[in-house]
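Let's walk through this model together, one piece at a time. Keep the viewer open as you read.

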Amino acid sequence: MYYLKLIWIFFRIGLLNEMAYRVNFYVQLLQSLLSLGTAIAGLAIVFSHTDTLGGWEAIDILALLGVFMFVGGVIGMVISPSMSQLMDDVRLGIFDYTLTKPCDAQFLASISQIRLWRIIDILLGAGVLIAALIYRGLDIGPREALAFAFVLCTGGSIIYSFWLMLATLTFWFLRIENILHIFQSMYEAGRWPIGIYPHWLRYILTFLVPVAFAITVPAEALSGRLTPDSLITSGLLCVFLVVISRWFWKRGLKNYSGASA
Amino acid sequence: MGHPILPPSTPHSQKLTSPQTHITFRPCPTPPTSPSYEVPQREPGLGAAIKSLVSRTTRDVEAVKNITFDVAPGEIVGFLGPNGAGKTTTLKMLSGLLHPTAGEISVIGHTPYARHKDFLNRITLVMGQRNQLMWDIPVADSFERNRAIYRISHGEYNKTLDELNALLDLSDLLSKPVRNLSLGERMKCEIAAALLHRPQVLFLDEPTIGLDVTMQRRIRAFLGEYNRRHSATVLLTSHYMADVEALCKRVIIIHHGELLFDGDLNTLIERFSPHKTIVVDLEVERADLSAYGDVVTAEGNSVTLRVPKTKTADVTGKLLANLPVIDLTVEDPPIEEVIEQVFSN
């Protein structure tokens, strides 16, 4: 309850922050619509030459695009800004204030910045996803829906933990924004099912930069492609990364305390 | 009167949780194993910068070596020392941000770096050079965030806010975004934000830095009043002697991580600076005042004299009686000078 309340408070602050610069809303709306437009145009061009791509039909890839935008929106709204803020705070020493609060520092750092207008991406993504499902005649049963919700949550947690570990490096290296830019561009690869990429790249996108679990796997769940293996791997990797990133965070905190003298 | 320089090795470590002591700071009871920190090091220049991309060199920093002290509840203690003396490090250790590698630290019965919630609920940290208020949104909303984090009930919150309001005159500021506030207004709000949960122990790292004299006095008066009302323990660092004089009966002077003096402020001034400075503006130029005291500077019709403290009144009287004085001020030597005196001993 306490944590939910804090999340609400930070959402409110996010809204107040956005209200200070209202033009941003329209800029974000335009940007989101443009990127959706170009993505759909890209799909249209590809599927004017072929009927399937790596075994995926156009409508399934549209659903995948929905997941891609939805997850990208969540990252852009909370994870990415909060982690960038964390890195700034550590560098400038403002993180001291987070550490002296009687609340879990990882939690506070993870929701510290909320860029609310990115909610447009989340809504558009959900809209595209639902549109694709309706076009297909709503052919998913409760089992698929449940599996989808499960792998979406585990995939989101995987991405969050991964991002947290990257940001935690800041306790040792102070300036590592560049790593996050690399991640950003790797994430772009997720707009296509990772099955279409060469073997080595598929490996990178699955385990090195776990984009596959956040986007392709949930989209698979919706199109009946999800194998039990993927489902279990996603769950296990989620638990593993959440635990490891927590451990890494605590190591980082110790190091912060040491280096900021 | 005052505590001896470098207090004797500590026989009273058993009173860690005693009500007599709010803070025990003994990061290093046995000097050879002093706490140290590893910090990255880089030579200047482009070549070194490129090299450091591949291999990083670090050096160990001993920030505090021989500093031990206890603080009683309700006491206000001033930390003095030049930049880099270890003042901030000490405050960071006390507020749980730094792990000491040896020794023991206890604050209100807790080990700070365990960062227990009960401990964090009862302390606060204010850093004059760093803000916790959010830049673009009204002050009241930053307060609201702290209210939620510290789980302060609305009733309690309103009561505290009313009190802070009365003491600091915040009412016009709360609805403004922080970026529209002056430095002094911002500092008032920063301090209020840090006190919403009514902490018992305040760690203040240069809370008046960069403020004009009026605002400094305002903040000072507030801190004194807060201490009296709530019997809060305050540890304060400042470069402004006036802060320390107004608030702290006891001062601790550290330099290069070592404790040079711990005791009464008056003792410090008497012991290390038995002089006062008298500045006189005269109607005549180039008057020879060497008969009255040591002439420090003489420019135009302004002369600065240094006289033994005990003779201040006597000399002032004579100056006023014998010379065409336009203006005369008597000052304590600046803190830097007193500290320099401490170092030279």
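A residue counts as buried if 20 or more other C-beta atoms lie within 10 Å of its own, as exposed if 12 or fewer do, and as partly exposed in between, with the C-beta atoms placed from the backbone. Helices (H or I, at least four residues) and strands (E, at least two) are DSSP runs, numbered from the N terminus. This is a predicted model, in which local features need pLDDT of at least 70 and side-chain atom pairs count only at pLDDT 80 or more, while totals for chains, interfaces and linings use all residues. Residues are numbered from 1 along each chain as its sequence is written, and chains are lettered from A and ligands numbered from 1 in the order in which they are written.

Two strands pair if DSSP finds at least two bridges between them. Strand S5 of chain B (residues 76–80) runs parallel to S9(B) and is joined to it by four bridges, with Gly78(B) opposite Leu236(B). S8(B) also pairs with S9(B) in the parallel sense, over five bridges; here Leu204(B) has Leu236(B) as its bridge partner. S8(B), helix H7 of chain B (residues 213–230) and S9(B) together form a right-handed β-α-β unit. Right-handed means that, with the strands pointing away from the viewer, the path from the first strand over the helix to the second runs clockwise.

Two arginines in loops deserve a look at their backbone angles. Arg198(B), in the loop between helix H6 (183–195) and strand S8 (201–205) of chain B, has a positive phi of about 50° although it is not a glycine. It counts as partly exposed, with 17 C-beta neighbours inside 10 Å. Arg151(B) lies in the loop between H4 and helix H5 (154–168) of chain B, and its phi is positive too, at about 55°. Arg151(B) is partly exposed, with 15 other C-beta atoms within 10 Å.

Now step back to the domains. An automatic or database domain assignment supplies the bounds, giving chain B a domain 1 (13–270) and a domain 2 (275–344). Nine residues from domain 1 and seven residues from domain 2 make up their contact, where two residues are in contact if their C-beta atoms, placed from the backbone, lie within 7 Å. On the domain 1 side, strand S10 (250–255), strand S11 (258–264) and helix H9 (265–272) of chain B each supply at least two residues.

What does chain B bring to its contact with chain A, and how many residues does each chain give? Chain B gives 30 residues and chain A 22 residues. The largest share of the chain B side, five residues, comes from H4(B).

Finally, turn to chain A, whose secondary structure comes to 13 helices and two strands. Its C-alpha atoms fill a box of roughly 60 × 40 × 35 Å along the principal axes. Of its 261 residues, 41% count as buried.
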